[in-house]
Amino acid sequence: MLGLQNVTHRFGDRTALDDVDVVVRPGRLTGLLGPNGAGKTTLMRIAVGVLQPDAGSITFGGQPVTAQMRRAWGYMAQERGLYPAMPVGEQLVHFARLHGLPPQDAERRARVVLTELGLGERWKERTERLSGGQQQRLQLATALVHDPRVIVLDEPFNGLDPVGVAELADHLQARTRAGAIVVVSSHQLDLVQDLCDEIVMIDQGRSVLSGSVTDLRASVGTRRLRLSFARTPDPDWVTLLPGAQVVESHADAIRLALDGEVDPLAVLDAARGVAPVVDFGLELPSLSEVFMTAVGRGADTPVEEVTV
Amino acid sequence: MRTWWADTWLVMRRAMREGSAARSWRIVTGLLALVGLAVVVVPSLLGDDADPVRIGTIGEASTSVRGDVDAWAGSADIEVSWVTLDVEASPEEQVRQGEVDVALAPDATQIVTRSGLDPAVPTLLAQAVVGQETAALLADFGLSAEQVTALQQVQAPEQVEVGPARDPGRAFVGFMVGVALYLALLVVGIGVANAVALEKTNRIAEVLLTMLRPSQLLVGTVLGVATLGLVQLAAFALPAGVGIAVNDLLPDAGAALVDVALAITWFVLGLLLYTFAFAALAALVEKVSEVNSVTTPVSMVLVASYVVAVTAGAGAPQGAVATITSILPPTAPLVMPVRWASGLVPVWQLVLAMVLTVLASVAVAWLASRVYARGLVGTGRRQSLREVMRVG
């Protein structure tokens, strides 16, 4: 178990992190979520020892973390941390050696990981000749080449297309199921809500929510009813419904937040009375809605404005 | 301690591999080797000192004149050859046509010399003629053969020329060592600065710092880039040095060897002093393009040291400016090797300069590793030195 206890960090007069607690358990993929500038990267850098916290401690299995322990971890920084002119294989072997593997193991593991990530044919290619997505995978390979027990990835989904996101998600879930301690950060809350088991939400340097994703989404107490109409209905019909508020509204589709006591089927019947319904669904609030509720910006605030 | 070096070696080896794989590095190294070779080969191809001076005489020149000229020319390291001239043509005509360089008229009353010829040989010839005729007169006056020989052995005082340096050839090598040191330190310094800035701006440094201590990354990078610089220096210096040794261009090869050994020592000391400062400042950048401006303070010090070395150090090695700047860092690594080649520097000054440079290097390396460690992880904008030193 990886623990960050009461971590505080200041840059000059600005407090970047204020008494933040994070626990990452083996087998539970954990997301560190929050808008840009919330303090996620600073927290990750403190976890991996690049920055020293002004207060608080980092422990692994209850013991203070040492530089020797961290060397066996895998860390991927937010930007592309690769040597552009180095051949792919040589680069990966170099990182494996720095992670403490002996020469033969380093090369063997490098070949295994590159094949796993679909870069097996690129061993001799210069890194800068790879596409953006391939470089992202190579960077991931540098963090995983030594089969680390602790994996810390800062915004690993940035710049990936949907296929890339799905592949990376599968890979991380496999590692997590195999018993690794995995923590990823992301500002795209809804992107990771189906990937993470546990999350810690950070806003303005403070931890605002933490727990299992399912529990957090259920804890808000409201549900979302999504309705698609065959034609645009008269917008006034919703205002007549008690306990239902509009979250999103387009010409022929609408999302309603329903209070706990409201029967969704009654609302569906009312909707069918104003226009033919072609599709509907009942959902828990998304993670960004949970986040907005938690930081008091209101569930009605359009999601895009904060999850830039 | 073993792992500290083992990991530092990994960093150093990577820097050397990447650097030496670059086409630009290979081309520059090849060119330097060619220039080093050319420095020696070209002058000896163009050299005109190989031809002996041809002395023409009409009829058989007196054996004693020939003997005297041969003996004196031999001791002055001048080669002469003797040519018997055509009796019909005038000596002037034969010199003008290039048959000989110097011609002695039949009655020994005239020496004809090709214009532009080094005056040494005609002077020797004249002295020999005068000596021979004086000896004949003295014998007529009734002096014995011993007395005549004694008179002829009276010698003019030896003339000694004095410049700013004891040996101009050695001083010139010292001057060139100064130029090479300056270029090498600048090239390696900027190479280190660029390597550090690249590692910082693409955030490799951040990942590396989870596995390495800042000191390992700093020292490994500096040593790797410096080794590449040393190889380039050797690519230039080895052919030049071998050529100089083979052609015997230096009268005092032993002193020159000591000077070169000292130059390598100063290169290492200069690297310690300057490259750590370059690395520390480069760790403050946000973009690689800021490297030049952020390292300007160190480059300026290096340029200033170079200017002092080639002016005061070479021109007035015993002056106050040269003496002080050759002992004190940060000018010592460039001024002392140039000044040392004058052959006039007491050993204690050399030792003092080295000790002071080592002490200054330790201080700079300590400061640099603090700035470097903090600069590397501070991102978002270019940092100032003051800000990095203040935090923590």
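The side chain of B:Thr275 reaches the backbone oxygen of B:Leu271 at 2.3 Å. This counts as a polar contact, meaning a pair of N or O atoms within 3.5 Å; within protein, one must be able to donate a hydrogen and the other to accept it, and residues adjacent in sequence count only if both atoms are side-chain atoms. The model you are looking at is predicted, so local features need pLDDT of at least 70 and side-chain atom pairs count only at pLDDT 80 or more, while totals for chains, interfaces and linings use all residues. Residues are numbered from 1 along each chain as its sequence is written, chains are lettered from A and ligands numbered from 1 in the order in which they are written, and side-chain values use heavy atoms, with hydrogens and water left out.

Let us stay with B:Thr275 for a moment. Helices (H or I, at least four residues) and strands (E, at least two) are DSSP runs, numbered from the N terminus. Is B:Thr275 buried or exposed? With a relative accessibility of 1%, B:Thr275 counts as buried. Buried means under 20% relative accessible area, exposed means over 50%, and partly exposed lies in between (1.4 Å probe, protein chains only). Leaving out residues up to four places away in sequence, B:Thr275 touches B:Val188, B:Gly189, B:Val192, B:Val222 and B:Gly270. Touching here is a contact, which means heavy atoms within 4.5 Å. Between the C-alpha atoms of B:Thr275 and B:Ser361 there are 9.8 Å, although these residues are 86 apart along the chain.

Further along chain B, look for the peptide bond from B:Pro329 to B:Pro330: it is cis, with omega near 5°. B:Pro330 sits in the loop between α13 (320-327) and α14 (332-340) of chain B. Axes are lines fitted to C-alpha atoms, for helices over the stretch in contact, and angles run from 0 to 180 degrees between N-to-C directions. Angles under 35 degrees count as roughly parallel, over 145 as roughly antiparallel, 65 to 115 as roughly perpendicular and the rest as oblique. Where they meet, α13(B) brings residues including B:Ala322 and B:Ile327, and α14(B) brings residues including B:Ala332 and B:Met336. Their crossing is left-handed; a crossing has this name if the near helix is turned anticlockwise from the far one by less than a right angle, and is right-handed if clockwise.

Now turn to chain A, which has 10 helices and 14 strands. Its C-alpha atoms fill a box of roughly 70 × 45 × 35 Å, taken along the principal axes. Of the 308 residues in chain A, 51% are buried.

Helix α3 (residues 88-98) and helix α4 (residues 103-116) have axes that come within 9 Å and cross at roughly 125°, so α3(A) and α4(A) are oblique to each other. This crossing is right-handed. Among the residues that meet are A:Leu92 and A:Val93 in α3(A), and A:Ala106 and A:Leu114 in α4(A).

Next, find helix α9 of chain A, residues 264-274, where A:Pro264, A:Val267, A:Leu268 and A:Ala271 are buried. Seen down the axis of α9(A), the buried residues fall within an arc of 100°, so they line one face of the helix. That arc is the one spanned by the directions from the helix axis to the C-beta atoms. They pack against β11 (223-229), β13 (253-258) and β14 (277-283) of chain A, while A:Leu265, A:Arg272 and A:Gly273 are exposed on the other side of α9(A). A:Asp263 caps the N-terminal end of α9(A), with a side-chain oxygen 3.0 Å from the backbone nitrogen of A:Leu265.

A:Ser186 lies in strand β8 (residues 181-186) and is buried, with a relative accessible area of 1%. A:Asp19, in strand β2 (residues 14-24), has a phi near 60°, a positive value in a residue other than glycine. A:Asp19 is partly exposed at 42% relative accessibility. A:Gln204 is not a glycine either, yet has a positive phi of about 50°; its relative accessible area of 61% makes A:Gln204 exposed.
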